[in-house]
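Okay, everyone, thanks for making time. I'd like to walk you through one model this morning, so let me put it up on the screen.

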Amino acid sequence: MAKPLALDFDPIARADELWTRRWGGVPSMAAITSIMRAHQILLSRVDAVLKPYGLTFARYEALVLLTFSRTGELSLSKIGERLMVHPTSVTNTVDRLERAGLVARRPNPLDGRGVLATITGRGREVVEEATRELMAMEFGLEEYGPEQCRQVFELLRPLRVAAGDFDESGEEAAARAAAGAVAGTAEGAAEGTP
C-alpha cells in the first residue's frame, strides 16, 4: 500500500498556488499532478491484492483478456494490441505467467512464426480468485460511487480518443447498428415473426 503522507496541507493544491504566483493559473498542471498521484495510490492498492497471487496488474490484465477470448488463447500480438502495450512488454508478461504455470505457449497454426498464449486451469482459478478480491475493494476506488466512476471514465475518454486508442466514430456507428438490430428484433417479436 502507498505510504500515507500525513501532511497537514494538500501538496498539490500548494503547488498549484505557487505555480499560479510564478507562471499564472494553469489548471491542467494540478489535474495531471492529481492523476499521477492517483495512479500511484491505485496501483499500490491493486498490487497489494495481486501480489499474493504472484501477479502485477499487467499480468492480471493479460489473464483476464485470455478468459474473455472464446478459446482461452490469443496471439501475443493481439494481446499487445488489446492491452495497448509494446510487444516487448507482452513477451515479458507472458514469460512470467508461463513460469508461474498460469499460461502456456503454443505455435499459432494460422501463422507459422506466431505464438499463442493459452490460459491454464490454474490461470483460470487465479484470475477468478483475484477478481473477487479486486471487486470487493472496488479496484481501489472505494471512495467513489458507481456514478462517479462512470464520470471519471467519461472525463478521461477524450484523452484516449485523441491519443488514437480507438476511433470513436466507428464505435458510435457500431452502437447505432446494434441498437437498430435490437429495435428490429423487438419489432419482429411484437409482430410475431421469428
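**The core and the pocket**

Let's start inside: the largest nonpolar core holds 27 residues, and Leu55, Tyr60, Leu63 and Ile79 have the most contacts within it. By nonpolar core I mean buried Ala, Val, Leu, Ile, Met, Phe, Trp, Tyr and Cys residues joined through side-chain atoms within 4.5 Å. Helix 3 gives the largest share of this core, six residues.

Quick housekeeping. This is a predicted model, where local features need pLDDT of at least 70 and side-chain atom pairs count only at pLDDT 80 or more, while totals for chains, interfaces and linings use all residues. Numbering runs from 1 along each chain as its sequence is written, and side-chain values use heavy atoms, with hydrogens and water left out.

Back to helix 3. Helices and strands here are DSSP runs numbered from the N terminus (H or I, at least four residues, for helices; E, at least two, for strands). The buried residues of helix 3 are Arg59, Tyr60, Ala62, Leu63, Val64, Leu65 and Leu66; buried is under 20% relative accessible area, exposed over 50%, and partly exposed in between, with a 1.4 Å probe and protein chains only.

Now Leu50, which sits in helix 2. Leu50 counts as buried because its relative accessibility is 0%. Setting aside neighbours within four places in sequence, Leu50 is in contact (heavy atoms within 4.5 Å) with residues including Leu55, Tyr60 and Leu134.

What about positive phi outside glycine? Met84, in the loop between helix 4 and helix 5, has phi near 60°. Met84 is exposed, at 51% relative accessible area. Glu138, in the loop between helix 6 and helix 7, has phi near 55°, and Glu138 is partly exposed at 47%.

Last, the pocket lining. The largest pocket is lined by 48 residues, with His39, Leu42, Leu141, Val152 and Leu156 nearest its centre. A pocket is an open set of points on a 1 Å grid over the protein atoms alone, where a 1.4 Å probe fits, with protein on both sides within 12 Å along at least five of seven lines; lining residues have an atom within 4 Å of a point. Helix 2 supplies the largest share of that lining, 13 residues.
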